[in-house]
Structures are given as structure tokens and as C-alpha cells.
Amino acid sequence: MERGRAGRPGGRRPAGTDDAGNRAIALCAGQAPLVWLAWWFTMEAGGDDYGYGGGGYLGICCVPLLVPFAGLLHAAVQIAPAAFLARLRPGGAPGPGWAWHLAASVLIGAGWSVLGRVLWGWPAGDTLPWFAGAGVLPVLVLHALRGRPWSAGGVWLRSAGAGLVLFVVLGVTAASLAGDYEPPRLSAAQLTGNWLGAHGSSLRLSPGGRAELTRLPAHGGVDEEGDFALCDGTGTWTCEQGGDFPDTDRDGVLVRPGGGCGQETYWTVGGTEQDPELFVLFGDPDAGDLRILTRD
């Protein structure tokens, strides 16, 4: 008998053989930009950029290089383990194989969400829909493609092409729907009160221009926290209108620490009318140290 037939040593696989692993990686890679786009539209679109410059967007040039690795990682930690779990179902269990694969994928995604909550404190309500839902489309398409005689390169080309077209169409639509961010306009009376930040920072703005500072970052000093001073004590503050400073056209609070700690620092108004924020970006506009204060 010939050694070149399917199933024999050295033989070639028939064209219709389903390379599930390769297809799963290709589908996950093709979906990765769409998942990022959905996340951006849900979480970031129309939001405050906190004064970051545009240079950081040059990183998008690395996306084509990262997408295959993202697909490999996603397939390895969710799609492939879910397929293994689906094959462990009892022989007489009802339901098609794709349904068991899908259920296992959602279960594994939920498990990663719980792990993120335990190890890093990620909010389960935010991560669960993303982790569980990210495996739905690859599993469904993977089972829909079974039996199609596509080569490994054909699967990658189709997945990349469909992902690119959808990314462009949905990206333009999302950008048009998102709109531009409009910061809130707060009066001096609305700014008074306690503002809290990370690392124990706090700022109390009192009527009349008195400010009380606790570990509040300010320009003009260097300490263990970065290129700024951490000031305690008292100082003064004024409510400034946008355009009074050359590097911003947004309203803010000018805080002048007392006691020779640091220099006056402009805290820009951000957030929303319901949840206002004060922020300042120290250092590089593209990758600086962002400090945010929220109302107590």
C-alpha cells in the first residue's frame, strides 16, 4: 500500500481535515482588535484624555505584531481548555458539541474574572462580561467552519480580512457616536470641600481661598514619589477660568502650597457634573504621572 495516504507515516492530511487549534488561534487573533474597540467604546469613548499628548497613539503601529500573540494567548487560556472540558461530558449528555464548548468557554472566562478579583482586585462586574463574552464568537465560528477545506493560510487570511473590515466600519461608527468630551463647569462654591486622591493625598478647599494639604503633589520638587513634591500643611487656592494659562484652555484650581513646599500647581477640572475630578499630569505629556482627586 502507498505510504502517502492520509493517516499513514509521512502521508499528507486530506484538504478537508479541520485543524481546530490553528483555526482557534486565527479566529481569536482576528477578534482581538474588535474586542479592544468594543472595550474602548464602552469604557473610554467620549471620556477625558487627561491632557495626554498624541505621541502615545504611535503605539498602534505595534498592533499588527501583537495581534497573533494575543490570539495565541486567548486560544491557549480559554478556547482550547474549554474544548477539553466539553469532551469530558458524559456520553449520553444531551445537546450539540458546540453548546458544551460554548458553556465551558463562558465558565472558564468567569473563572479568570474571579482570579483577577482575588489577585488584583479587578471589579468582577466589569471584567466578567468581557472575559466570559470574549470566547463566544471564536467558539461559534470555529464550529461553523468545521468541514470547510481551508488551509492554515486561508483561515488566517479570511480571519484577518474580516477583522480588518469590521474594525474599520465599526471604528468609524463608534467614533462618530462617541462625540467629544466636555468637562464640567464648576463655580468656586462648587469646588469647595474635600478632594481625595491615591497614596493618602487630600486637598480641602475652604471658602475664602484657604487650602489644607495632605501629601498633595505639587510642581517643583523631587522625592520618592516622582518629579514633584508632596506637600503638607496649608496654602491658598483660586478658581481659574480656561485660557488663563498657556498650556490649557480648561477651568481649574490653582493651588499655592505654603511653607516653601513646591510651587503653585494647576489642577484641571475633569470628570462629570455628577462626579467631578481635579487632575494634574507631571512629567512627559505622553507617559507622565497622572494624579487625580475626586470629591469626598
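Predicted model: local features only at pLDDT ≥ 70, side-chain atom pairs only at ≥ 80, totals over all residues.

Q: Nice. Which strand does S6 pair with, and in what sense?
A: Strand S6 (residues 265-271) pairs with S5 in the antiparallel sense, over 4 bridges.

Q: And what about S4 and S5, how many bridges join them?
A: There are 6 bridges between strand S4 (residues 229-240) and S5, and the two run antiparallel. Gly252 turns up here too, as the bridge partner of Glu240.

Q: Is S5 largely enclosed or largely open?
A: Largely enclosed by the rest of the structure, because 5 of the 6 residues in S5 (residues 252-257) are buried.

Q: Switching to helices: at what angle do H3 and H4 pack?
A: Helix H3 (residues 97-120) packs against H4 at about 150°, and their axes are 8 Å apart. That angle makes H3 roughly antiparallel to H4. The crossing is right-handed.

Q: Which residues meet there?
A: From H3 you have Val106, Gly109, Ala110, Trp112, Ser113 and Arg117, and they meet Ala124, Thr127, Leu128, Phe131 and Ala132 in H4. By class, the contact of H3 with H4 has 7 nonpolar, 3 polar and 1 charged residues.

Q: What does Thr127 touch?
A: Leaving out residues up to four places away in sequence, Thr127 touches Ser113 and Trp122.

Conventions: Residues numbered from 1 in each chain as written. Heavy atoms only, no water. Contact = heavy atoms within 4.5 Å. Axes fitted to C-alpha atoms, helices over the stretch in contact; angles between N-to-C directions. Parallel < 35°, antiparallel > 145°, perpendicular 65-115°, else oblique. Left-handed = near helix turned anticlockwise from the far one by under 90°. Nonpolar A, V, L, I, M, F, W, Y, C, P; charged D, E, K, R; others polar. Buried < 20%, exposed > 50% of the residue type's maximum accessible area, 1.4 Å probe, protein only. Pairing = 2+ DSSP bridges.
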